[in-house]
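Hi,

Here is the structure you asked for. My notes on its helices follow below.

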Amino acid sequence: MTNAIETRLAELGLTLPEAPAPAANYVPYVQVGNTLYVSGQISMANGALICGKLGDDMDVAAGAAAAKSCALSLLAQVRAACGGDLSRLKRVIKLTGFVNSTGDFTDQPKVINGASDTMVEVLGEAGRHSRSAVSAASLPLGVAVEIEGIFEIA
């Protein structure tokens, strides 16, 4: 099914991955009314984890690319929750980003911009959201970034 969001993804040269399966004892998303809560999506590209620690072995640009991969996985989860129909996505409400970073690294917002910018590029004004960007001493499997999201759907 093609809709405006999928058309925009194609224009940007972006492809959503298959919605990643949960890695532990949780569900990938929960819908309450018109609100969809999507579990944290870890940074992946081409089926491989994007691992690293900002402020140590990874720079801000690479971290932002990792955050962008999380944004695409979040949209893939929304698509799965909407039965494959992304036209049901009304807006992004909030993203919470966790950055695997050293104690003296302070550019977490620049890293999570990789996801925020992607949401706005794909969804326009509907992609603007509230947000948190926090440091984590470590993340599951050594990934660089994990982001969870809250969305409004029809």
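Helix H2 covers residues 60-81, which makes 22 residues. At 1.5 Å a residue it should span 32 Å, and its end C-alpha atoms are 31 Å apart, so the two agree. The expected span is 1.5 Å times one less than the number of residues. Helices are DSSP runs of H or I with at least four residues, strands are E runs of at least two, and both are numbered from the N terminus.

This is a predicted model: local features need pLDDT of at least 70, side-chain atom pairs count only at pLDDT 80 or more, and totals for chains, interfaces and linings use all residues. Residues are numbered from 1 along each chain as its sequence is written, and side-chain values use heavy atoms, with hydrogens and water left out.

Now the ends of H2. At its start, a side-chain oxygen of aspartate 59 comes within 3.3 Å of the backbone nitrogen of alanine 61. Just after H2, glycine 83 has a positive phi of about 65 degrees.

Next, H1. At its start, a side-chain oxygen of asparagine 3 comes within 2.8 Å of the backbone nitrogen of isoleucine 5. Glycine 13 follows H1, with a positive phi near 75 degrees.

H1 (residues 4-11) also packs against H3 (residues 108-123). The angle is about 115 degrees and the axes are 8 Å apart (axes are lines fitted to C-alpha atoms over the stretch in contact; angles run from 0 to 180 degrees between N-to-C directions). Ile5, Arg8 and Leu9 of H1 meet Glu121, Val122 and Leu123 of H3 (contact means heavy atoms within 4.5 Å).

Best wishes

Methods: A polar contact is a pair of N or O atoms within 3.5 Å; within protein, one must be able to donate a hydrogen and the other to accept it, and residues adjacent in sequence count only if both atoms are side-chain atoms.
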